[in-house]
Amino acid sequence: MAGTSKSQLSTGVSAPGWLVAAFLLLPLLVVFPVSLTDQTFLALPKETVSLEHFRRLFKSADWLSSAGQSFAIAAVSACLAVIFGTLAALGCWRSRSKVVPLIQVVMVLPLIVPPLVYALGYYRLLVKVGLLDTFSGVVLAHAVTSIPYVFITVTASLAGFDRRLELAAKSMGATTSQALRRVVLPNILPGLLSGAILSFIHSWDEIVVVLFIASRNVYTLPRRIWDGVRYDLDPMM
C-alpha cells in the first residue's frame, strides 16, 4: 500500500512538471523551423530547408558584436553578483541581529519591484554619475538585479550546512578565513554555481533595463532582437 501511494504521489507531482516543461519548450517547435526557412521573411520553409540565415548571422558584424557584448556583460555581472550575494548570505547566516529579516527583504527587492520602476531609478542614477550608455553602467545594473538569485541559492545551501563542521575546523587550529575557504564554501558550492548560472541567464536575457540605460555604445543581443521584432521580420532575427 505504501509503495502504491508513493507511486501515485510521484505520478501526480510529475504530471504538472511535464506540462510546465512542455509549455516552455514547445515554442521551439515553431521557432527552429522558421529559422530554417527559405523565405526572406518569418515563415515556415516553403520549398526546401535553408541554412542561409544562419550563414548571414555568423557573417553579421552587428549581431556578433551584440552577442559578444551580452556575453561579456553577463559574465562580469554574474561574477559580481556571486561575490556580493554570497557575502550577504554569509553575513545573514552568521548574524543574530534583529535586522537580519529586514536585510533579507532588501536583498530580494529586485525580484519584487517591477523592472520598469528600478529601470527608471538606474537611469537617473547613471545620468548623475556619468555612466549612462556605458559597459560599466550596464554591468552594475545587471549585477544588482542578479544578486537576489545568488542570495537565495546560497542561503538555501547554508540552511543545510552543519555548523559543527566549521567549529571542528576552528578547534583544530583553522582561522575564520581558512574555515570559510576550506570548509564552508566547498560545502555550499552547488548554491554558488546555481546562483552564478541564474545570474548569467538573467543578465543575458535582460531587456527592460537596457532599453533605459543603453543606446548606441552598448547594444546587447536582447536589444537587437527587440528592435528586430519591432522594425524587421528578417528570419535571422
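Contact means heavy atoms within 4.5 Å. This is a predicted model: local features need pLDDT of at least 70, side-chain atom pairs count only at pLDDT 80 or more, and totals for chains, interfaces and linings use all residues. Residues are numbered from 1 along each chain as its sequence is written, and side-chain values use heavy atoms, with hydrogens and water left out.

**View 1. Contacts of Val 154.** Val 154 touches Thr 86, Ala 89, Ile 188, Gly 191 and Leu 192, leaving aside residues up to four places away in sequence.

**View 2. The buried residues of α10.** Helices are DSSP runs (H or I, at least four residues), numbered from the N terminus. Ala 179, Val 183 and Val 184 of α10 are buried, that is, under 20% relative accessible area with a 1.4 Å probe, protein chains only. Down the axis of α10, its buried residues fall within an arc of 85 degrees, so they line one face of the helix. The arc is that of the directions from the helix axis to the C-beta atoms. Their cover includes α4, α8 and α9 (163-171).

**View 3. The pair Phe 71 and Phe 200.** Rings of Phe, Tyr and Trp (its six-membered ring) pair if their centres lie within 6.5 Å; planes over 60 degrees apart count as edge-to-face. The centres of Phe 71 and Phe 200 are 5.6 Å apart and the planes stand at 70 degrees, so this pair is edge-to-face. Phe 71 lies in helix α4 and Phe 200 in helix α11 (residues 189-205), so the pair ties together parts 129 residues apart in sequence. Phe 71, Phe 200 and Trp 204 form one aromatic cluster.

**View 4. The pair Tyr 118 and Tyr 122.** This aromatic pair is edge-to-face, at 5.8 Å centre to centre and 65 degrees between the planes. Tyr 118 and Tyr 122 are both buried.

Note on methods
Buried < 20%, exposed > 50% of the residue type's maximum accessible area, 1.4 Å probe, protein only. Helix = DSSP H or I, 4+ residues; strand = E, 2+ residues; numbered from the N terminus. Phe/Tyr/Trp six-rings, centres within 6.5 Å; stacked < 30°, edge-to-face > 60°.
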